[in-house]
Amino acid sequence: MVVKAFDGTSVQLDDTAPNQELYPQPSGQKPGCGSPVIDVVALINLSNGGWENHVTGSHLHVVRGAQGLVGLIGEGDIALGDRAFSSYE
């Protein structure tokens, strides 16, 4: 049995045209007044602290990202998620 956790974060990227096209800045920012943001969702093996795998995207909620990682949960493993899982709409 291995305990694995899903978690997400976001990272500001360099303000370049290619980054703005792929990862637009948050909608609450005025155009030209912010940096593009990439979201990262990872599956973390809590027995050794290593990342099993991760997914990236724009406006990627942790639940949507976890859908792409759930295949890495083996039989008998325990999957853990924080309170963000109950806030997905």
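What share of the contacts with a separation of 6 or more in the protein comes from residues 24 or more positions apart? The figure is 53%. Please keep in mind that this is a predicted model.

I'll begin with the overall layout. The protein has two helices and four strands, and from the N terminus on they run β-α-β-β-α-β. Along the principal axes, the C-alpha atoms fill a box of roughly 50 × 25 × 20 Å. Of the 89 residues in the protein, 27% are buried. The exposed surface comes to about 5800 Å², with carbon and sulfur atoms supplying 52% of it.

Next, the sheet. Four strands make an open sheet in the order β3-β2-β1-β4, and the pairing is mixed. At the edges are β3 and β4, the latter covering residues 78-80, and each of these pairs on one side only. On average, neighbouring strands of this sheet are turned by 20 degrees against each other, ignoring direction.

Look now at β2 and β3. These strands run antiparallel and are joined by six bridges. Together they form a hairpin with five residues between them, and in the turn G49 has a positive phi of about 80 degrees. Two places to look at along the pair: I44 has W51 in β3 as its bridge partner, and L43 stands opposite N53 in β3.

Further on is the loop between β3 and α2, where H59 lies. Most residues other than glycine have a negative phi. H59 is not a glycine, yet its phi is positive, about 55 degrees. H59 counts as partly exposed because its relative accessibility is 49%, and the cut-off for exposed is over 50%.

On to the core. Which residues form the largest nonpolar core? There are eight: F6, V41, L43, L60, V62, V63, A66 and L69. Both β2 (37-45) and α2 (62-67) give two or more residues to this core, and α2 has the largest share, with three. As a general matter, nonpolar side chains in soluble globular proteins tend to be buried together. Take V41 as one member of this core. Leaving out residues up to four places away in sequence, V41 touches residues including L60, V62, A66 and L69, and also D7, G8 and H54.

Is K4 buried or exposed? K4 is buried, because its relative accessible area is 7%, and buried means under 20%. The side chain of K4 makes a polar contact with the side chain of D77, at 3.4 Å. Beyond four places in sequence, K4 is also in contact with L43, I44, E52, L72 and I78, among others.

D7, by comparison, has 35% relative accessibility and so counts as partly exposed. Not counting residues up to four places away in sequence, D7 touches V40, V41, A42, I44, V62 and D82. The C-alpha atoms of D7 and V63 are separated by 9.1 Å, and the two residues lie 56 residues apart along the chain.

To close, here is the opening figure again: residues 24 or more positions apart account for 53% of the contacts with a separation of 6 or more. That is all from me.

Conventions
Residues numbered from 1 in each chain as written. Predicted model: local features only at pLDDT ≥ 70, side-chain atom pairs only at ≥ 80, totals over all residues. Heavy atoms only, no water. Buried < 20%, exposed > 50% of the residue type's maximum accessible area, 1.4 Å probe, protein only. Contact = heavy atoms within 4.5 Å. Polar contact = N/O pair within 3.5 Å; in protein donor to acceptor, adjacent residues only side chain to side chain. Core = buried A, V, L, I, M, F, W, Y, C linked by side-chain atoms within 4.5 Å. Pairing = 2+ DSSP bridges. Axes fitted to C-alpha atoms, helices over the stretch in contact; angles between N-to-C directions. Areas by Shrake-Rupley, 256 points an atom, 1.4 Å probe, with all protein chains shown as cover.
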